[in-house]
Structures are given as structure tokens and as C-alpha cells.
Amino acid sequence: LATEVRCAPDAPAAIEMDPIVLDRILDNLLTNAVKYTDRGGITVSFEGAPDHLVVRVSDTGRGIAPEELRRCFTPEGSPAARRASNSLGVGLSVVVRLLADIRGRLEVHSEPSRGTTFWVYLPVRFRRGLPDPAPAARVEDVVTLRDVGDPAAPPEPAPRDPDPVTS
């Protein structure tokens with residue numbers, strides 16, 4: 001597989017968040033990209049958006065059928081018949097839960113037999129100990145399915161709660 005890593009000039013130089021949470025999010029997305037890509041490659045890009053680091057993970061793998069896409073983000077996971085042999089099918093639901101906890105977002109565009117692109121919106125600053133912890137999120141609160149339109153350009157993140165950083 002070909003791999004490429006890009007860093008846009010507008011990407012934040014640093015973010016403040018739990019490194020274990022960051023590791024789990026990126027590890028799940030990158031592991032899936034490797035598991036489900038037999039040809040072509042994987043590209044990881046670091047980009048900027050207002051108050052966010054946007055990590056884009058694109059692959060030329062098998063893609064996800066539209067009728068299966070939402071289910072991939074639930075704790076039940078993806079259908080067993082579509083999973084890689086070494087997969088439990090719950091990695092994306094872990095990503096969704098972690099992003100909900102840090103008030104991040106996930107956007108996805110996928111086409112069967114062509115590949116998948118994920119845009120992960122990570123707040124530049126997030127610290128635990130908020131007075132109002134994030135409520136239990138529904139998949140729709142964290143994940144946006146992107147139309148075929150222009151999957152290369154990430155949209156602006158949806159309005160979220162005011163700055164989650166506490167003093």
C-alpha cells in the first residue's frame with residue numbers, strides 16, 4: 001500500500017487533549033483503513049478549521065455501502081459478513097463515543113469499491129473536569145454522512161457548544 005501524510009499550513013501547531021483519547025481515535029481509523037484497503041493507498045492529512053484540528057483519513061479500500069454506513073457507528077458494529085477477519089466491527093463506535101466526550105465531530109464519505117474518507121474535527125483545546133459533561137450522544141450528534149459532492153474539501157464544522165475549556 002502507498003501511504004502519504006500531509007500537513008496543511010493552516011493546521012494548528014498543537015492541540016490540548018488527552019493523548020490516550022487522541023491515540024484511540026487515530027488508531028481505530030488508521031487500523032480500519034489498513035484492514036479494508038487491499039490496493040491503492042491511504043492518505044492522512046492534518047488541516048485547520050476554526051478552533052479545530054481536522055484529521056482526514058482517506059483510503060482506496062472496499063468502501064461502505066450506504067445502507068450499512070450508519071450501523072457502523074453504533075455499538076452493535078458493522079455486519080459480520082462485511083468485517084475483516086480480524087475485526088470485531090466496533091472501532092468506529094469507539095471513535096464516535098470518544099469524539100462525543102471531547103465535543104468533536106466526524107464526517108464521512110464512502111463509496112463501495114472506491115474507498116472511504118473520514119474527517120475528524122478535534123477541538124484545539126479540551127480539558128476534563130467540565131461542569132456539564134457531554135450528554136450521551138446519538139450517532140447523529142457526532143457523525144455527518146457526506147454526499148458525493150466534493151469529498152476533498154471539508155465543510156466548516158457545525159456550531160457546537162461554546163469553548164469547552166475551563167480555567
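**Contacts and totals**

I started with contact range: among the contacts in the protein with a separation of 6 or more, 71% come from residues 24 or more positions apart. Contact here means heavy atoms within 4.5 Å. I noted that this is a predicted model, in which local features need pLDDT of at least 70, side-chain atom pairs count only at pLDDT 80 or more, and totals for chains, interfaces and linings use all residues. Residues are numbered from 1 along each chain as its sequence is written, and side-chain values use heavy atoms, with hydrogens and water left out.

I then looked up burial. Of the 167 residues in the protein, 46% are buried; buried means under 20% relative accessible area, exposed over 50%, and partly exposed in between (1.4 Å probe, protein chains only). The accessible surface of the protein is about 9,000 Å², and carbon and sulfur atoms hold 55% of that. These areas come from the Shrake-Rupley method with a 1.4 Å probe, and for residues only the protein chains shown count as cover.

**Sheet and helix**

I listed the elements and got 4 helices and 6 strands. Both are DSSP runs numbered from the N terminus: helices are H or I with at least four residues, strands are E with at least two. Along the sequence the pattern reads β-α-β-β-α-α-β-β-α-β.

In what order do the strands form the open sheet? I read β1-β2-β3-β5-β4-β6, with mixed pairing. Two strands pair if DSSP finds at least two bridges between them. In general, strands of a sheet pair through backbone hydrogen bonds, either parallel or antiparallel.

I checked the pairing at β6. Strand β4 (residues 105–111) runs parallel to β6 and is joined to β6 by 3 bridges. V108 has L145 in β6 as its bridge partner.

I also looked at helix α3 (residues 91–101), which lies across β4, β5 (115–123) and β6 and runs at about 20° to β5. The axes are lines fitted to C-alpha atoms, for helices over the stretch in contact, and angles run from 0 to 180 degrees between N-to-C directions.

I found D18 in the loop between β1 and α1 (19–35). D18 counts as partly exposed because its relative accessibility is 36%. A polar atom of the D18 side chain lies 2.8 Å from the backbone nitrogen of I20. I102 is 84 residues from D18 along the chain, and their C-alpha atoms are separated by 9.4 Å.

T117 lies in strand β5. Its relative accessibility is 11%, so T117 counts as buried. I recorded a polar contact of 3.0 Å between the side chains of T117 and S58. A polar contact is a pair of N or O atoms within 3.5 Å; within protein, one must be able to donate a hydrogen and the other to accept it, and residues adjacent in sequence count only if both atoms are side-chain atoms.

**Positive phi**

Most residues other than glycine have a negative phi. I noted R103, which is not a glycine and has a positive phi of about 60°. R103 lies in the loop between α3 and β4. Is R103 buried or exposed? R103 is buried, because its relative accessible area is 13%.

I noted S113 as well, with a positive phi near 70°. S113 sits in the loop between β4 and β5. With a relative accessible area of 54%, S113 is exposed.
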